[in-house]
Amino acid sequence: MNDRYSFLNSIHIKDLELLYQKYKVNPDSIEPSWSAFFYGFDLGNEKHFVKKFFNYKEFLVYNLIQAYKIQGHLFSKINPIKKRNCSYNTSNTSLNLKNFGLSDKELDLNFESGIFIGLGKTSLRNIINFLKKKYCNSIGIEYMYINDIKKREWIEKWLYNNIEFSSHKKIFFLKKLNEAIAFEHFIHNKFIGQKRFSIEGNESTLPALEEMIEYASTQYNTEEFIVGMSHRGRLNFLANCLKKNYSYIFNEFYGKEYKDVLLSGDVKYHLGFTKIKKNSIGNKIKISLLPNSSHLESVDAIVEGLTRSKLDHIYKKNKNQIIPILIHGDAAISGQGIVYEVIQFSKLNGYHTGGTIHIIINNQIGFTTNEMEGRSSIYCTDIAKIVMSPVLHINADDIESVIKSIYFAIDFRMRYNEDVFIDLIGYRKYGHNEGDDPRYTQPMLYKLIDKHKNVYESYKEELEKDKIINNNDIKMIETKYQTILHNEYAKSQHIKWNILNSFLEEEWQHFPLIVDTKEMFKNINTKYSLQKLINIAKCIFTLPKDKHFFKKTISIFNNRLSLILTKKLVDWSSAELLAYGTLLDEGISIRLSGEDVARGTFSQRHIIVKTENEEQIILLNKIHRGQKLIEVYNSPLSEYGVLGFDYGYSLLSPYILTIWEAQFGDFGNGAQIIIDQYIASGESKWKICNGIVLLLPHGYEGQGPEHSSARIERYLQLCANNNLFLANCTTPANYYHLLRRQMKLNFRKPLLIFTPKSLLRHPKCFSRLEDLSNGKFKEIIEDSSCINEKKIKKLIFCSGKIYYDLLKIKESIKDIETILIRIEQIYPLKEKTIHNLLNKYKNRKHTIWVQEEPENMGVWNFFLRQFGKDIPFRLIAPSESSSPSTGSLKNFLKIYNHILKKAFL
């Protein structure tokens with residue numbers, strides 16, 4: 001510290017004027033502390049102020065004040081269990097006066113520097129006492145890295161204000177602490193040894209959340225809160241804040257079955273819940289706790305996505321009406337990469353949500369891992385500095401300091417619409433779960449914890465001492481809550497089934513959970529007027545005449561429109577954009593995001609066009625007045641976080657088409673947690689409907705192992721009980737109808753589409769405009785070249801772009817005894833149609849499955865599982881491999897051409 005600011009001690013008074021002149025030209029051109037100095041004093045027209053009022057010692061005191069602001073948190077009393085380790089400092093006494101050229105002799109001298117902390121001219125003793133109280137007490141704040149001087153000044157003004165709580169408020173805090181403790185003790189005694197992931201050691205989290213909701217809704221008229229948290233304290237929050245029926249929670253501990261056999265359900269500390277309640281002034285507020293998987297921080301992105309969707313479609317961009325709250329664990333926030341991805345969303349145009357309040361339930365330990373084994377930074381919250389968010393570290397045993405930090409978080413968030421972090425430093429009373437003994441690995445820590453009085457007991461004594469409450473009142477509070485618990489426990493014993501509340505039930509009430517195969521294959525009308533289709537094409541493929549565009553852009557749009565108007569044909573990209581245009585016209589909002597989706601990875605989409613001056617234009621939003629809009633966002637280079645965000649976005653409403661595109665199909669690997677634990681299983685675990693669409697470019701073109709395969713086999717492993725749609729289309733028309741069908745169904749399922757690369761410009765990959773206007777989605781496409789069914793000796797089944805390569809050979813050798821059959825929808829598979837085709841060609845001698853993927857990958861194993869017992873399918877594919885493809889183009893062509901020829905032998 002002293003080395004960092006040594007220039008302040010040696011600066012000559014005559015140099016100050018030069019420094020000030022630089023500040024006036026550009027405040028950022030000088031050292032931040034001097035910038036703050038000049039800003040605080042507002043030297044303006046008083047050039048000789050410093051000479052008149054300041055002496056050398058003033059700079060030393062100023063230096064001391066800055067040190068408290070920057071490093072005071074390191075000496076704060078924020079650890080309720082053990083003395084803080086200050087080994088990260090050069091000295092344990094770096095705030096000692098002697099390190100700043102001062103001594104006890106100056107304690108009673110008055111200094112002008114008191115103005116920097118709102119005291120005016122006052123003694124050094126008063127300055128130090130004030131600094132210790134504000135920066136080194138139960139709250140340690142980090143904010144001096146923020147480069148916005150006015151924002152730092154606002155933070156300091158807020159900190160310097162005194163907040164006093166009424167007796168009524170203090171009793172309320174005590175009641176909530178009692179609920180937190182009593183609830184945990186009750187479960188501990190009634191369900192011995194069962195996991196509940198107790199909040200004990202951080203009980204103040206409960207009144208903190210309760211007061212956050214109350215304060216934001218009464219002071220800022222916030223209407224909704226979206227909460228994401230892992231399992232620690234989740235049951236307590238559900239019971240005592242969201243008021244989920246206690247008997248339902250107790251019932252979940254019995255391990256009873258669900259009445260609906262199609263629901264697999266989830267463990268009780270992963271379930272979500274939505275509650276509408278009233279605040280103290282009678283306003284309705286909605287609180288949603290999202291269901292979460294065991295990947296602790298995965299829910300973060302989903303919270304942000306759902307919040308953004310509500311901002312866009314319900315609250316008309318009013319960021320104060322809805323607040324996302326993320327409750328982290330200390331080990332998870334510093335160890336999980338998804339946290340970094342989500343924090344990076346906070347200021348991006350397509351992903352920001354007006355500021356997230358991050359609360360860390362800091363146990364100072366992971367499962368068995370000590371904090372300094374789990375991270376390289378001093379604090380678990382150091383990631384917050386990436387986006388210059390303020391961080392408050394609070395002693396979780398000081399309930400009033402905890403509540404003050406909550407007020408700060410809300411006020412900061414509402415003023416700046418930026419993220420803020422509250423680090424509640426407590427402890428974990430038991431092991432990671434209540435059946436685990438932490439004394440194996442942390443015996444010394446748990447000796448301290450065993451002796452430690454919980455926050456409820458200490459606060460109760462404090463209020464009794466201050467005569468705010470007496471013993472009779474306390475007994476009444478405790479007895480009343482115990483009675484509630486016992487009554488609800490008795491009720492739970494008579495509940496026959498486990499009850500799973502549907503999350504966001506109101507929003508999805510008209511879209512039932514569907515698992516019936518007949519419903520999945522029901523014919524859906526996706527037709528659209530030919531003339532209206534042409535009108536939309538003219539609108540979205542005609543560039544404004546008064547703008548200047550890159551010549552290749554002009555050529556692409558002219559060719560698209562010409563192809564439609566003169567030849568009545570569409571390519572893949574035109575069909576996609578026409579599908580969007582028709583849905584927008586019919587009142588469906590669309591969001592498309594992913595890496596480089598605006599232009600398209602293969603320069604194929606051009607949904608956002610740019611003028612030579614880089615003005616952005618989305619022609620799809622100019623079809624007609626009052627239409628719904630498509631929002632298109634190039635995402636950060638993230639898959640896990642962005643797909644989680646878009647999954648959350650699509651949770652809001654069945655009337656929003658939300659699409660995430662992987663830049664290449666294999667990029668989906670990075671998002672596999674969201675796919676496995678939310679998209680594929682969310683309906684079965686949590687009764688959540690979702691209609692998100694994933695576009696996964698897939699196809700072997702000799703470009704190496706990566707970017708070849710989207711791993712179809714992996715997604716097929718996730719398919720069961722009609723939980724997903726999975727398609728690999730080969731025609732623009734089928735792709736068009738598939739997108740439209742997704743929004744025409746009376747239910748929603750996630751849709752995974754394996755999209756092509758080479759087919760985007762393949763000379764045969766075109767569809768007639770008539771097929772878009774009057775056609776429908778075809779799950780299976782039979783080759784139309786067959787003239788005489790009796791002459792067919794061979795049936796070749798395939799999926800995806802390999803069809804065109806097989807067709808080329810079939811036509812070149814004039815094979816009239818082979819029929820090609822494309823499986824366009826792989827799941828759910830229309831098995832009856834396949835059996836009908838097999839019966840249709842009675843003279844067949846060979847039934848073959850051909851795929852471009854190695855035999856241990858692709859669709860083959862799934863296909864074999866469906867038909868292997870009844871039909872003697874033969875496989876033609878590259879031999880099994882641990883890698884999707886070879887890295888040699890020549891080797892690839894050799895292997896690929898071999899399987900194509902083999903199919904016709």
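Which side chain meets that of Glu210 in a salt bridge? In this predicted model, the side chains of Glu210 and Lys277 meet in a salt bridge, with a distance of 3.1 Å from N to O.

## The pair Glu210 and Lys277

The two partners belong to distant parts of the chain, since Glu210 sits in helix α9 (residues 205-219) and Lys277 in strand β5, 67 residues apart. Glu210 has a relative accessible area of 13%, and Lys277 has one of 18%; because buried means under 20% relative accessible area, Glu210 counts as buried, and Lys277 counts as buried too.

The pair also belongs to a network of salt bridges, in which Lys176, Glu179, Glu210 and Lys277 are linked.

## Other salt bridges

The count of salt bridges in the model comes to 48. One of them joins the side chains of Glu400 and Lys170, at 3.6 Å from N to O.

Arg741 and Glu779 are both buried.

## The sheet

Strand β5, which holds Lys277, is part of an open sheet of eight strands with mixed pairing, in the order β3-β9-β10-β8-β7-β4-β6-β5. The edge strands are β3 (139-142) and β5 (273-278), each of which pairs on one side only. From one strand to the next, the twist averages 20°.

Within this sheet, strands β9 (residues 391-395) and β10 (residues 420-425) run parallel and are joined by five bridges; Leu392, for example, has Ile422 in β10 as its bridge partner. Helix α12 (residues 299-313) lies across β4 (224-229), β6 (284-289) and β7 (322-329), and runs at about 175° to β7.

## The buried side of helix α21

In helix α21 (residues 530-540), the residues Leu533, Ile534, Ile536, Ala537 and Ile540 are buried. They lie on the same side of α21, because they cover an arc of only 160° around the axis. The elements that cover these buried residues include α22 (551-567), α23 (572-585), α28 (732-744) and α29 (769-774).

Definitions and conventions. Residues are numbered from 1 along each chain as its sequence is written. This is a predicted model: local features need pLDDT of at least 70, side-chain atom pairs count only at pLDDT 80 or more; totals for chains, interfaces and linings use all residues. Side-chain values use heavy atoms; hydrogens and water are left out. Buried means under 20% relative accessible area, exposed over 50%, partly exposed in between (1.4 Å probe, protein chains only). Helices (H or I, at least four residues) and strands (E, at least two) are DSSP runs, numbered from the N terminus. The arc is that of the directions from the helix axis to the C-beta atoms. Contact means heavy atoms within 4.5 Å. Two strands pair if DSSP finds at least two bridges between them. Axes are lines fitted to C-alpha atoms, for helices over the stretch in contact, and angles run from 0 to 180 degrees between N-to-C directions. A salt bridge is a side-chain nitrogen of Lys or Arg within 4 Å of a carboxyl oxygen of Asp or Glu.
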